[in-house]
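The following paragraphs lead the reader through a protein structure step by step. Please keep the sequence and the structure in view while reading.

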Amino acid sequence: MNHNTPLSPRPLRHVTEVHRRVMSAAQLRSHGIAAAELTEQCRPGGPWQQLLPHVVLLHTGPPTDEERLHAALLYAARESAPGVPSQPRPDEPHRPVYAEAVITGMAALALHGFSSAPPLASLERIDVLVPRLRRLRTTGYVRILRTPSLPNPRQISGLPVAPVPRALADAVAELADAGAVRRLLTEAVRAGHCEPAAVVRELNQAKLLSRPHVVDAVDSLLAEGRAIAEDRLYRMVREYGLPDPVWNVDLRLPGGPHLGGLDAYWPDQAVAVELDTRAPRQDEDALWSEYARKREHLERLGITVVHITPRKLRESMEQQAAIVRTALMASGDREPAAYVVVLPR
């Protein structure tokens, strides 16, 4: 390049997309910007600034929230080819792909729209997940979190973002405030971001269930999740015209043992609904065995048990109502069930 070559080539002066206002040194080289020229542009008082190692902000002044996020991903992303850290999508030629880098933690929760997460502008650190064997260091405002396997990210505003359960686990790992943990977990369920079981599974995998303040928050989360699932079950019966069951009952054989609790029971048809609100912890297999034993025992007595998860109620309520209706209609074709005593739970 000679002295008549402009320092900022036309492709860089005439773009406004955030992912072009933040570029890696390798991308700039592909635009004809040599190392010496890049150093000159990033000098104190120059038109550009180095935001992170090998990541440049192509304007003066503080970066926007979007620019900080894109810069964090540019820093953490694996180079897909020598000198090219991110390749554009075929269907979106101007939008890059950030290979092996996923935003997680509080930044991810803010992107998912959590009101209980701090706004992006107030976050001093952005957490980014990368594969465990990547050789990459935490630097500046970017904290690198290594993981044996990256979660399948959601695309939010063109950014790869960890699913809510994983983002929660990574955020909670850094929190000692029991109230803050409880608010985040509660919002995840109340706002319909995910089911309690998915959250507890991630917390368990992250080995966070040994922390008392996390365990307390999980207990509140499970109670909240069950209350929401029960409300949806009531709504399903009402909105889809099912006959009224007896709610929250225990069954016993006359003068015999306790058969177990049920969320809804139609005595005339001997049809029961049981909500599966198990939380996957250390005793998950034992708990599932208990569910299975109870179901098998009831079905041997001629009682049809419909097993419904909170997720199915949330995502396919009409289908679940059809399953219950079919079981009720089929009761006339079965042998009469054994007589059982129905007690309030």
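With 67% relative accessibility, Lys207 counts as exposed, where exposed means over 50% relative accessible area, buried under 20% and partly exposed in between, with a 1.4 Å probe and protein chains only. This is a predicted model, in which local features need pLDDT of at least 70, side-chain atom pairs count only at pLDDT 80 or more, and totals for chains, interfaces and linings use all residues. Residues are numbered from 1 along each chain as its sequence is written, and side-chain values use heavy atoms, without hydrogens and water.

Lys207 is located in the loop between helix 9 (196-205) and helix 10 (212-239); helices (H or I, at least four residues) and strands (E, at least two) are DSSP runs, numbered from the N terminus. The phi of Lys207 is near 60°, a positive value in a residue other than glycine. Most residues other than glycine have a negative phi. Glu100 also has a positive phi, of about 55°, although Glu100 is not a glycine. Glu100 belongs to the loop between helix 5 and strand 4 (102-104), and its 29% relative accessibility makes it partly exposed.

The interior comes next. In soluble globular proteins, nonpolar side chains tend to be buried together. A nonpolar core is a set of buried Ala, Val, Leu, Ile, Met, Phe, Trp, Tyr and Cys residues joined through side-chain atoms within 4.5 Å. The largest such core has 64 residues, of which Leu109, Val128, Leu168, Leu185 and Leu203 touch the most other members. Helix 5 (residues 65-76) supplies the largest share of this core, seven residues. Apart from this core lies another, of 18 residues, including Val237, Val273, Val306 and Ile308. Beyond its neighbours within four places in sequence, Leu203 is in contact (heavy atoms within 4.5 Å) with several residues, among them Ala169, Leu185 and Val218.

Because Tyr234 lies in helix 10 and Trp247 in strand 9 (residues 246-252), the pair ties together parts that are 13 residues apart in sequence. Tyr234 is partly exposed, at 30% relative accessible area, and Trp247 is partly exposed, at 29%.
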